[in-house]
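Here is a short report on one protein chain. Please keep the model open while you read.

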Amino acid sequence: MSNLFSGRSQFWSRRRLLQWGLTAMGISASAWKLSHYPVQARESVRIPPLPETYQPGNGDFEPMLVLRDFDYGTLKQEGDRLVREFQVVADHSTLQLNRAITYVSWNLNHRVPGPTLRATEGDRIRVIFTNHDGHSHSMHFHGIHPAEMDGVKSVRRGKTTVYEFDAEPYGVHPYHCHVAPVTRHINKGLYGLFIVDPPGGRPPADEMVMVMGGYDLDNDGSNELYAFNGIPNYYRDRPISIYQNQLVRLYILNMIEFDPAVTFHIHANMFQVYKTGRSLTANEESDVITMGTAERHILEFTYKYPGKYMFHPHQDYIAEHGCMGYFQVLPSEA
Ligand SMILES: [Cu+2]
């Protein structure tokens with residue numbers, strides 16, 4: 001953990017860890033801050049503290065923080081219009097994927113996935129995108145917007161471009177670099193989630209984000225490693241604490257290139273599926289859902305019994321090469 005704060009993402013890691021009440025010297029069981037949560041959710045949702053034994057990873061960013069980190073941007077009043085402004089920087093950094101393998105990722109705001117941008121349907125959003133990487137990149141959003149905001153034009157090194165449009169429709173949308181070869185730019189780490197909340201919001205829940213990605217380490221057109229939120233096996237080695245009998249809302253996105261589709265499965269439970277986040281009532285109930293590349297959903301579930309439960313894609317090769325995690329369900333009275 002000595003190099004937790006090393007390198008270019010020192011600012012991000014330190015700031016985030018401090019913000020969440022953690023320190024580099026010893027991760028305590030301080031309560032997670034709820035400052036990023038919508039007002040209606042803050043009052044009734046409890047986020048478990050990190051276990052006393054929690055050890056941060058040795059990389060540039062903490063997937064445990066990425067999990068519940070939502071970027072609502074900065075609100076700006078411009079005349080009679082309110083604009084939600086986001087800052088996104090493309091760059092490269094070396095990820096420690098496991099004890100043996102380091103990998104130069106191309107990423108946004110020094111993390112893989114990039115920031116989870118969040119707005120409410122109808123908000124005017126402005127994304128100020130600056131490219132500090134040596135390669136040209138862009139940000140292409142899914143959702144509805146004018147052609148000139150579609151993000152398929154390259155932004156060269158040192159240049160800034162602005163994407164501005166109304167957030168619509170409500171749902172869960174990916175964004176990703178759209179510079180050719182797109183597969184490579186996505187595989188290197190240039191993707192993330194754009195959550196558009198319905199005007200009335202959703203019921204309170206412990207909300208979290210998981211983005212599934214792959215790493216083609218040797219450029220052979222297939223992935224050797226996979227991950228939830230950037231680092232292989234992170235949540236296998238550091239289970240995600242949740243509370244028994246409390247609703248979990250999982251925003252999940254498959255951005256794995258080369259494999260045509262993957263599933264997502266949770267153990268010992270069922271989830272409600274809100275396809276593409278485009279409805280306020282569930283479309284179906286299951287314990288396994290199939291997603292092609294760029295498909296995403298909201299999954300809601302509540303664990304009835306305390307204990308430790310796996311989640312993973314049911315493609316076992318992918319699960320056994322990094323896409324593996326656990327929920328640690330704590331008794332509700334804990
Ligand atoms: Cu790119």
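Strands here are DSSP runs of E with at least two residues, and they are numbered from the N terminus. By that rule, Gly292 sits in strand E17. The model is a predicted one.

## The chain as a whole

The chain holds six helices and 20 strands. It has 334 residues, and 41% of them are buried. Take the contacts in the chain with a separation of 6 or more: residues 24 or more positions apart account for 69% of these.

## The six-strand sheet

Six strands make up an open sheet. Their order is E11-E10-E13-E18-E15-E16, and the pairing is mixed. Strand E11 (225-228) and strand E16 (284-286) are at the edges. Each has a single partner strand, so one side of each has no neighbour in the sheet. On average, neighbouring strands of this sheet are turned by 25° against each other, direction ignored.

Inside this sheet, look at strand E15 (residues 271-275) and strand E18 (residues 296-301). They pair in the antiparallel sense, over four bridges. Lys275 has His297 in E18 as its bridge partner.

## The five-strand sheet

A further open sheet is formed by five strands. The order is E12-E20-E19-E14-E17, again with mixed pairing. Strand E12 (240-243) and strand E17 (288-292) stand at the edges. Because each has a single partner strand, one side of each is left without a neighbour in the sheet. Neighbouring strands of this sheet are turned by 25° against each other on average, direction ignored.

Strand E14 (residues 261-266) and E17 run antiparallel, and five bridges join them. In this pairing, Ala261 is opposite Gly292 of E17.

## Around Gly292

Is Gly292 buried or exposed? Gly292 has 11 C-beta neighbours inside 10 Å, so Gly292 counts as exposed.

Which residues does Gly292 contact, leaving aside its neighbours within four places in sequence? They are Pro260 and Ala261. Asn254 is 38 residues from Gly292 in sequence, yet the C-alpha to C-alpha separation is 6.9 Å.

## Cis peptide bonds

The peptide bond from Val112 to Pro113 is cis, with omega near 0°. Pro113 lies in the loop between strand E3 (102-108) and strand E4 (117-120).

The peptide bond from Glu168 to Pro169 is also cis, with omega near -10°. Pro169 belongs to the loop between strand E7 (160-166) and strand E8 (171-176).

Asn109 is not a glycine, but its phi is positive, at about 55°. Asn109 is placed in the loop between E3 and E4. It has 19 C-beta neighbours inside 10 Å and so counts as partly exposed.

Phe258 is not a glycine either, and its phi is positive at about 80°. Phe258 is in the loop between strand E13 (248-254) and E14. With 13 other C-beta atoms within 10 Å, Phe258 is partly exposed.

Technical notes. Residues are numbered from 1 along each chain as its sequence is written. This is a predicted model: local features need pLDDT of at least 70, side-chain atom pairs count only at pLDDT 80 or more; totals for chains, interfaces and linings use all residues. Two strands pair if DSSP finds at least two bridges between them. Axes are lines fitted to C-alpha atoms, for helices over the stretch in contact, and angles run from 0 to 180 degrees between N-to-C directions. A residue is buried if 20 or more other C-beta atoms lie within 10 Å of its own, exposed if 12 or fewer, and partly exposed in between; C-beta atoms are placed from the backbone. Two residues are in contact if their C-beta atoms, placed from the backbone, lie within 7 Å.
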